[in-house]
Amino acid sequence: MKAAALIVAAGRGTRVGGGPKQYRLLGGKPVLRRTVEAFLRHPEIDTVRCVIHPDDASEYAAAVDGLVLLDPVAGGRSRQDSVRMGLESLEDIAPDIVLIHDAARPFVSAAVIDACLKGLDAAEGAIAAMQVHDTLKRGDKQGAIAATIDRTNLWRAQTPQAFRFDAILRAHRSALGHELTDDAAVAERAGLRVVLTPGSHENVKITTIADLVDAESRVSGVQRICRTGIGFDVHRLGPGDRVIICGVEIPHDGALVGHSDADVGLHAITDAVLGAIAAGDIGTHFPPSDHRWRGADSSVFARHAAELVHARGGRIENIDVTIICERPKIGPHRPAMVAKLADIFGLQVECVSVKATTTEGLGFTGRGQGIAAQAATSISFALSS
Ligand code: MG
């Protein structure tokens, strides 16, 4: 009996950020490579093929470098299209069995694959699934409970989903034009008998940044804890023709007054970072009485705070800053600010947030006498135990 694994890796999966999730590194190894290896090392899987997005050819080649598997094929517009195209590409090989699996489930175990294969003894399809233990509620449009759903016999579908090859190929061809959420649904539509076999809690689908962080902890065996810091700063507006906020110079009919360059945004962020590691505040490290900091570029303060974090073994996970003023308009400068902060703190741009608000004309910011900023940051540390 010949068994092929079809790995569906054509999705864009941008929710994780930083490109399709299946190519993100997990413990230094691409997610997709871990997934492919899980099937290549299973003794009953004869061959593996991936369905990829045509734009990802070079990422794919790098991810599977050195592994022995079939050449990839290009997927279609939807997951269902991609699976059908993948199945059609296997017609020459004509396997008896095909296991269809999401690239973003790298922790599939041999036991889960075994269970699917065994399930095919008595059915045309067998899918990994988990019994639902939580109580299920259906909500109405206002977010109130409309009904409690009986969870008896309810299962969450995972992948792999294993099928007799000829049957699932026929089912997919006849489902063209019908949108279905998984391959089991395609099989059900064709009247095939599909059984539920034990999945596992570890067989998670990496969908969000949080999933990726959890997966990283599992791979490295290291748990991380997060600490939060907040910062607040105000600078008075005086005569001048520009302000510097978050490292970006903005033309204005006034200038922020301060001992350094008076970058209110960077000062709030620097205090947040120092706060998260309980290392005092910006004045502790750079006293205004010290003439060395006269007119200083505030990125010097920010970089120093980041170095203190690194020296303690911490990692800045994100920065969120709000600039509070009526004018100048922050929006047009936001991308430059995000890029600047990402550079200073060594972060991906998706981990940096710059926001702005007015105080509706109220208070000193409302009257244009000054600009305020507040910031928050999370800094993670590895737990050694
Ligand atoms: Mg300040």
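**Entry 1: around H5**

I began with the buried residues of H5 and looked up what they pack against: H3, strand E6 (97-102), strand E10 (155-164) and helix H6 (183-189). A reminder to myself is that this is a predicted model. The buried set itself consists of Phe165, Ala167, Ile168, Leu169, Ala171 and His172.

Next I took the H3 partner on its own. How do the axes of H3 and H5 cross? Helix H3 covers residues 79-89 and helix H5 residues 165-174, and I noted axes that come within 10 Å and cross at roughly 135°.

Then I listed who makes the contact. H3 contributes Gln80, Val83, Arg84, Leu87 and Glu88, while H5 contributes Phe165, Ile168, Leu169, His172 and Arg173. Sorted by class, I get 5 nonpolar, 2 polar and 3 charged residues for the contact of H3 with H5.

Ser174 counts as partly exposed, at 42% relative accessibility. For a sense of scale I checked Ser174 against Gly363: the two are 67 Å apart in space, C-alpha to C-alpha, and 189 residues apart in sequence.

Are Asp233 and His267 buried or exposed? Asp233 has a relative accessible area of 16%, so it is buried, the limit being under 20%. His267 is buried too, with a relative accessible area of 7%.

**Entry 2: H8 against H11**

The angle is about 35° and the axes are 13 Å apart. I noted a right-handed crossing for H8 and H11. The contact involves Leu266, Ile269 and Val273 from H8, with Leu341, Ile344 and Phe345 from H11. The class tally for H8 with H11 is 6 nonpolar, no polar and no charged residues.

I finished with the backbone, starting with cis peptide bonds. One runs from Thr159 to Pro160, with omega near 10°. Pro160 is in strand E10, and E10 is one of the elements that the buried residues of H5 pack against. Another cis bond joins Arg327 and Pro328, where omega is about -5°. I placed Pro328 in the loop between strand E16 (314-324) and H11.

Where do residues other than glycine show a positive phi? Ala94 does, with phi of about 45°, and I found Ala94 in the loop between H3 and E6. Ala94 is partly exposed, at a relative accessible area of 44%. Ala278 also has a positive phi, near 50°, and lies in the loop between H8 and helix H9 (282-285). With a relative accessible area of 70%, Ala278 is exposed.

Terms used
Residues are numbered from 1 along each chain as its sequence is written. This is a predicted model: local features need pLDDT of at least 70, side-chain atom pairs count only at pLDDT 80 or more; totals for chains, interfaces and linings use all residues. Side-chain values use heavy atoms; hydrogens and water are left out. Axes are lines fitted to C-alpha atoms, for helices over the stretch in contact, and angles run from 0 to 180 degrees between N-to-C directions. Helices (H or I, at least four residues) and strands (E, at least two) are DSSP runs, numbered from the N terminus. Contact means heavy atoms within 4.5 Å. Ala, Val, Leu, Ile, Met, Phe, Trp, Tyr, Cys and Pro count as nonpolar, Asp, Glu, Lys and Arg as charged, and the others, Gly among them, as polar. Buried means under 20% relative accessible area, exposed over 50%, partly exposed in between (1.4 Å probe, protein chains only). A crossing is left-handed if the near helix is turned anticlockwise from the far one by less than a right angle, and right-handed if clockwise.
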